[in-house]
Amino acid sequence: MSDASLDRVVIFDTTLRDGEQSPGASMNLEQKLQVARALRDLGVDVIEAGFAAASPGDLQAIRAVGAQIEGPVIASLARCNRGDIDASWEALKDTRRRRCHVFLATSPIHRDFKLKMVKEEIIKRSVEGVKYARERFDDIEFSAEDAARTELEFLAEVVERVIEAGATTVNIPDTVGYALPVTYAETLRFLKKHVRGIDKVVMSVHCHNDLGLAVANSLVGLAEGARQIECTINGIGERAGNASLEEVVMAIRTRRDVVKACTGVKTERLYPTSRLVAQVTGIQVQRNKAIVGQNAFAHEAGIHQHGMLTNRETYEIMRPEEVGFARSALVLGKHSGRHALKERLVALGYQLEEAQIDKVFQDFKVLADKKKDIYDADIEALVLHGQILGKNGVAWELEALSTTSGTGTLPCASVALRDASGERFLAAATGDGPVDAVYRALEKVTGVSAKLRDYQIASVSNGEDAQGEVTIEIEHSTGVYRGRALSTDIIEGSARAFLDVMNRITLKIGPPQESEARTEMGTP
Ligand code: KIV
Ligand code: ZN
């Protein structure tokens, strides 16, 4: 079926806004730009870059995305008030393709308990908000927050009035993931039937995944006439997350015979983008996640493998290459040169500058000394870690680390760190195990004391000498942080992951005052 006969669906990505609302997923400016570049290369139509009024950092990030990312429309979220809309304008006034996304809740529970507004006030505020936004922006989206739990007649009235006021896209969110496909279809069908002017604007769906139905409901939206789907990479977002972009896009592509629609997404960029977002946010993708999970294309049962060898389509409805999932083969080793690495990077979908390739090559050589066989996943991990860790800004650098542990001995660790001025600090500590001892020694030097909430190690490729990716979640008085690091030595990887977080906390709160702990072993 040629794309010409299919309806084009707008893919509105909100990884940087709703996705960033996942606990602990906050990104710094450089990371947001990295994700925005990946989204542009992926071919999404709209990037919701943030909520300008939420913080000066958000405003600055939206402005930076608007200035640097050409192609997609860049959107900023705003409540229906002048301050928020002004902040969105401030962020986007120099961006050519811009959208103001205003929202107001419409459901009884939000009206009565959150907003304390009656129906008339909701309509008045919504209309005023859209009209005010319209004085500056041509492209206005209105979202009726919690639409899926709103009385149908009232929802229809709100939607009709904001269209009259100038909204160009009307979004019908299932904010708390409460809708079932059948009820969501009824809501959209009702609006299509009763709202004057709805056929002149784009109807959009925005579904949360509390009942695991976000993608199913988004597809129902498509069947009921929605032509914009709001989603996030890896489905990250508040609570159970949003509709997963990769699942929505591949469902549309794989079943275009039924949905009769297409997107502009370059599907072979899905897997690299998913990996980038997982790295940046620290929210790992479950192994059996559709489309981008490690097992998404793995066949274990003998009968399946036999069928696959005879004809792939017996058990495969999509080809892994379609989503950029390069089948992992042994590719490089100690004697491989820069050219071979560069070719492999291109095959994996990374378009790096020469200086970036040099950096990956340097790290590759170090790794090849420790690890005989280098797989695609290893190369990918080097790219992502190199980019991210290099740009976070570093307050502390790990210079040396040693641990002792064993049955019947008290685990202990000593660490040597250098601060930004190059001064060297040493500390030693004991702990429940070697990782705990390292963590305590790092706490002593950096003066950062925080609670470890989660600790995970995953192997990124195969073999006994595989690199381990350590991901941790730390609770500190200034927030929740995720840290990650890569190493063939899990103790070193753990230390680097802790230091990743401690560096970010130090950059936020400033270096520690001279403390007893920090100097207890002296500074040689
Ligand atoms: O879930 C929701 O309702 C939202 C709106 C702000 C669009 O994220
Ligand atoms: Zn949402």
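User: How many disulfides does this model have, and how do you know that number?

Analyst: This is a predicted model. The count comes to zero disulfides. A disulfide is a covalent bond between the sulfur atoms of two cysteines. To count here, two cysteine sulfur atoms must lie within 2.5 Å. Take C80: the closest cysteine sulfur is in C100, and it is 8.8 Å away, so that is too far for a bond.

User: What makes C80 buried or exposed?

Analyst: Its relative accessible area is 6%. Buried means under 20%. So C80 is buried.

User: And why is C412 called partly exposed?

Analyst: C412 has 29% relative accessibility.

User: Which residues of α8 and α9 meet?

Analyst: From α8 come V215, S218, L219 and L222. From α9 come E247, V248, A251 and I252. By class, this contact has six nonpolar residues, one polar and one charged.

User: What makes α1 and α11 roughly antiparallel?

Analyst: Helix α1 (residues 29–42) and helix α11 (residues 270–281) cross at roughly 165°, and their axes come within 10 Å. Roughly antiparallel means over 145 degrees. So α1 is roughly antiparallel to α11. This crossing is left-handed. In α1, the residues that meet α11 are Q31, Q34, V35, A38, L39 and L42. Their partners in α11 are L270, T273, L276, V277 and V280. The contact of α1 with α11 has eight nonpolar, three polar and no charged residues.

User: Why are α13 and α14 called roughly perpendicular?

Analyst: Helix α13 (residues 338–347) packs on helix α14 (residues 354–370) at about 110°, with the axes 10 Å apart. The class runs from 65 to 115 degrees. α13 and α14 are therefore roughly perpendicular to each other. Their crossing is right-handed. On the α13 side, R338, L341, K342 and L345 make the contact. On the α14 side, E354, I357, D358, V360, F361 and F364 do. Six of the contact residues are nonpolar, none are polar and four are charged.

User: Now single residues. How do you know whether A243 is buried or exposed?

Analyst: A243 has 0% relative accessibility. The limit for buried is under 20%. So A243 counts as buried. A243 sits in the loop between β9 (228–231) and α9. Beyond residues up to four places away in sequence, A243 touches C207, A214, V215, S218, E230, C231, T232, G235 and V248. H208 is 35 residues from A243 along the chain, yet their C-alpha atoms are separated by 6.1 Å.

User: What class does V170 fall in, and why?

Analyst: V170 counts as buried, because its relative accessibility is 1%. V170 is part of strand β7 (residues 169–174). Leaving aside neighbours within four places in sequence, its contacts include F142, V159, I163, I198 and M203.

User: Why is R312 called partly exposed?

Analyst: Its relative accessibility is 32%, so R312 counts as partly exposed. R312 lies in the loop between α12 (302–310) and β11 (330–332). R312 and D369 are 57 residues apart in sequence and 38 Å apart in space, C-alpha to C-alpha.

Definitions and conventions: Residues numbered from 1 in each chain as written. Chains lettered and ligands numbered in written order. Predicted model: local features only at pLDDT ≥ 70, side-chain atom pairs only at ≥ 80, totals over all residues. Heavy atoms only, no water. Contact = heavy atoms within 4.5 Å. Helix = DSSP H or I, 4+ residues; strand = E, 2+ residues; numbered from the N terminus. Nonpolar A, V, L, I, M, F, W, Y, C, P; charged D, E, K, R; others polar. Buried < 20%, exposed > 50% of the residue type's maximum accessible area, 1.4 Å probe, protein only. Axes fitted to C-alpha atoms, helices over the stretch in contact; angles between N-to-C directions. Parallel < 35°, antiparallel > 145°, perpendicular 65-115°, else oblique. Left-handed = near helix turned anticlockwise from the far one by under 90°.
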